[in-house]
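Subject: Structure handover

Dear colleague,

Here is the structure for your files. Please look through it alongside the notes that follow.

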Amino acid sequence: MTDEQPRTISRRALLRGAGAAGAAAAASAVGVSAEPAVAPSPAAAPPAMQPAGATAPGRVVYEQLSADEADLLEAIADQLIPEDEHGPGAVAAGAVVYIDRALGGALSGSREAYRGGLAAFERYCRSSRGARFRELPHVDQVSVLIDVETGAATGARTGFAGSSGAFFGMVRSHVLQGTFGDPYYGGNQNFVGWDLIKYPGVRTAVSPGLQTALEAGELEPNHRSAYDADNFEKAVVSRATKETHHGD
Amino acid sequence: MATRLPGTDVVIVGLGAAGGVAALPLANAGLDIVGLEAGSRLTKRDFAPDEIRNNVRDWPFAVRKCATEVPTTRRSRADTAVQRGGHPMMNGVGGTTLHYWAQSWRLNPWDFKVVSETTRRYGRSRLPAGTTVEDWPFGYEELEPFYDRIEHEIGVSGQAGNVRGQKNPRGNPFEGPRDRDYPMPALRWTGFLDRMADSARTLGWQPFPGPAAINSEAYQGRSGCMYHGHCNKGGCHVDAKNSPAVTTIPRAEATGRLKVVTHATVTKIETDNQGKVTGVTYLQDREEFFQPARFVFVSTYTYENVRLLLLSKSRAFPIGLSNNHAQVGKHYLSHHQGAGVTALFPYDLHAWYGLPAQGVAVDDFADDNFDHGGLDFIGGGNMWAYSDRRPISAASMGTFGRAPSWGSAWKSFIRENADRTNSAYIQKTTLPYAANYLDLDPTVTDPLGFPVIRITAEYKDNELALAAYLQDKMARWYREAGAIEVLRGGLGGQMGVTTHAYGGTRMGDDPETNVVNRYGLSHEVPNLGVLGASVMGTSGARNPTLTAQALAWRTAEHVAKNWSSIVE
């Protein structure tokens, strides 16, 4: 295939990160491991799970999103799929890392929709609730998101191009992709998405015995990316075909 | 100026489901063939079990010519057609069979005789107003040997229900008689599929496993299915999906008679002033070539077959090749596959490692298998409950009004229910109508400047009544299996761009209403053949591919056997 190879570890991430530790964090952030299917160790905890005040090597290095955009998107993702008694949510899964990396590749057609949509989202928070989204109490964050989801935040004042609901739908679908997709793309870190819905994992062969074990509730989840083994080409397309006109 | 290449006996434009099959009987007969394919060759290394790539980003079929020529659509003449969404097919050696579901049904005998059988049983007035449906020029029994040939040549798994009149209750009791069993047993079932089959029997129906061009066991040196769950829009990583790319095409190449040319975009079929085809012009890396040929097959899918003919104007064919009777693009229909039914169960279905061709079918309400005397439609639907689930689509499930669509309550809902939904696939008889047709769009073009196809089509009352009737049956089936929620999709309206597109170059004896004759050769051009579902005049209630392949083999064999008289 002649398509461009995905950046398994971004050169920019390596340059921006603080030395080897930063590189390791960046590698972890895109879910690519030199070893196949190992149990996650505490040291490999996704950067986003670390406290905000952690030292530089632990921070996610965003390539496409500005710091403000990433902060806002993380806060939105945290409401869509929160961390709770059922385990980690979208932020710990690295859903925003997934979106950031994809905006530089397959979802580049959505870059402007994010730029404009996030700015409109923040303007709507200020004008309707008097503060930035991250500064709002939980109940107000929920009500803002409901406004955006239902299209009620649409209007010339906020600058949502078309319905705010279209922006919400785009973000939600990408957060789902980043939480439940293959970790190769930077999300679903430590397989938190697959464990949440009890997906038993990527397997290249499922014998009748394995299916029987699955139906008996005795099949252990297989924590691995499709690309952990060397069976498959990692070719990707540079542009998605279905990702156009979001936010219209 | 196009570079003129050495001549060949046959050019096949498009090496997909139909063209890829036709190459083999031609090669076996000793004819030299050039196969022009717009896409590239893909191998099992290209088919990772990766939902983002296969299903979310539509790889590998995003890499394709057809993405640049998506048809425009509109409901009726009064509307302006626009492009909506993408193109569902792909370019590549093997075409869309590289990633299709591979359900490989024969049509029911009734599908060949909709007019005469409806007239005989209910009276001619029961044919819907405006339909242009005709009986096929032959019956099921004419095509049976070719169905049989394809089933064994590429490998189809399934359970026969009628071998030479001998009924087997484990198979489809309504199928036409077949000469012998499938070459492989049906794909295995899951506990949920067993339960659906039991529920159907409780309702007095006759469930059976569907046929698939997927190896249920090792066949012809290729592996059996591994059930890894990424078959739907994914290529097969062990070559168990029996695309022509791994069956008939390599066999034809092994004869030394088939030369495959990839990345070749055919722009025109050329004709002389006597109205015979002389070859085709194609682009490869922006360079133009003329490939002379004594016979040309177009096998590029329904939309491109019609487009290529309409674009190939000449002195002998001023409004498009083989279109002097103005029938190219007429009698178009897209299979009514919508109006689905989705259910929520109170137990896990264990569907993660399934595939869409692994399922249980009920044909009791398909075709004319039931009495339509008191009903307001003709035809019917094949109900298909199958096993297919991947994590992103599972997490994107609707919540049946039981939870919001995000937040902690949603998270709790999908944690419990991600593996508890099932959506039925119900394929329904769809008829051609005078108001439904394909032509060239007056304004929208591809990057080369050629007009794209314009689809003017909508489902009519017969299709809508039928869809509602089948939804009732499906809902009953799900409830019997214990569903706690059942949702029905909309009945449908406009016909969009689809993977099941029929007509436009219909096959029939009358050149006034059909583009190709009973052998699939043009009524107007002696050395032009058309392959694919564009020659089919009825849809039946099941996937078109096996029928298109059986017809392709039959047409190619006819050309090979009558070569000297056809190309004289």
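**What was found**

In chain B, helix 10 (residues 461-480) lies across strand 13 (341-344), strand 15, strand 16 and strand 19, and runs at about 145° to strand 16. The angle is taken between N-to-C directions on a scale from 0 to 180 degrees, with axes as lines fitted to C-alpha atoms, for helices over the stretch in contact. Helices (H or I, at least four residues) and strands (E, at least two) are DSSP runs, numbered from the N terminus.

This is a predicted model, in which local features need pLDDT of at least 70 and side-chain atom pairs count only at pLDDT 80 or more, while totals for chains, interfaces and linings use all residues. Residues are numbered from 1 along each chain as its sequence is written, and chains are lettered from A and ligands numbered from 1 in the order in which they are written.

**The sheet in chain B**

Six strands of chain B form an open sheet in the order 7-14-15-16-13-19, with antiparallel pairing. Strand 7 (208-209) and strand 19 (485-488) of chain B are at the edges with a single partner strand each, so one side of each has no neighbour in the sheet. Two strands count as paired if DSSP finds at least two bridges between them. Strand 15 (residues 381-387) and strand 16 (residues 421-428) of chain B run antiparallel and are joined by four bridges. Within strand 16 of chain B, B:Ile426 is the residue opposite B:Met383.

**Chain B overall**

Chain B has 12 helices and 21 strands. Of the 568 residues in chain B, 58% are buried. Buried means that 20 or more other C-beta atoms, placed from the backbone, lie within 10 Å of the residue's own; 12 or fewer makes a residue exposed, and anything in between partly exposed.

Two residues of chain B can be looked up individually. B:Arg195, in helix 5 (residues 191-202) of chain B, is partly exposed, with 19 other C-beta atoms within 10 Å. B:Ala326 is in the loop between helix 7 (302-311) and strand 12 (333-334) of chain B; its phi is positive, at about 55°, although it is not a glycine. B:Ala326 is exposed, with 10 other C-beta atoms within 10 Å.

**Chain A**

Chain A has 10 helices and zero strands, and 46% of its 248 residues count as buried. A:Phe191 is in the loop between helix 8 and helix 9 of chain A. Phi of A:Phe191 is near 60°, a positive value in a residue other than glycine. A:Phe191 counts as buried, with 21 C-beta neighbours inside 10 Å.

**Where the chains meet**

Contact means that the C-beta atoms of two residues, placed from the backbone, lie within 7 Å. By that rule, 43 residues of chain A are in contact with 40 residues of chain B. On the chain A side, the elements giving two or more residues are helix 3 (67-80), helix 8 (164-180), helix 9 (192-196) and helix 10 (208-215).

Regards
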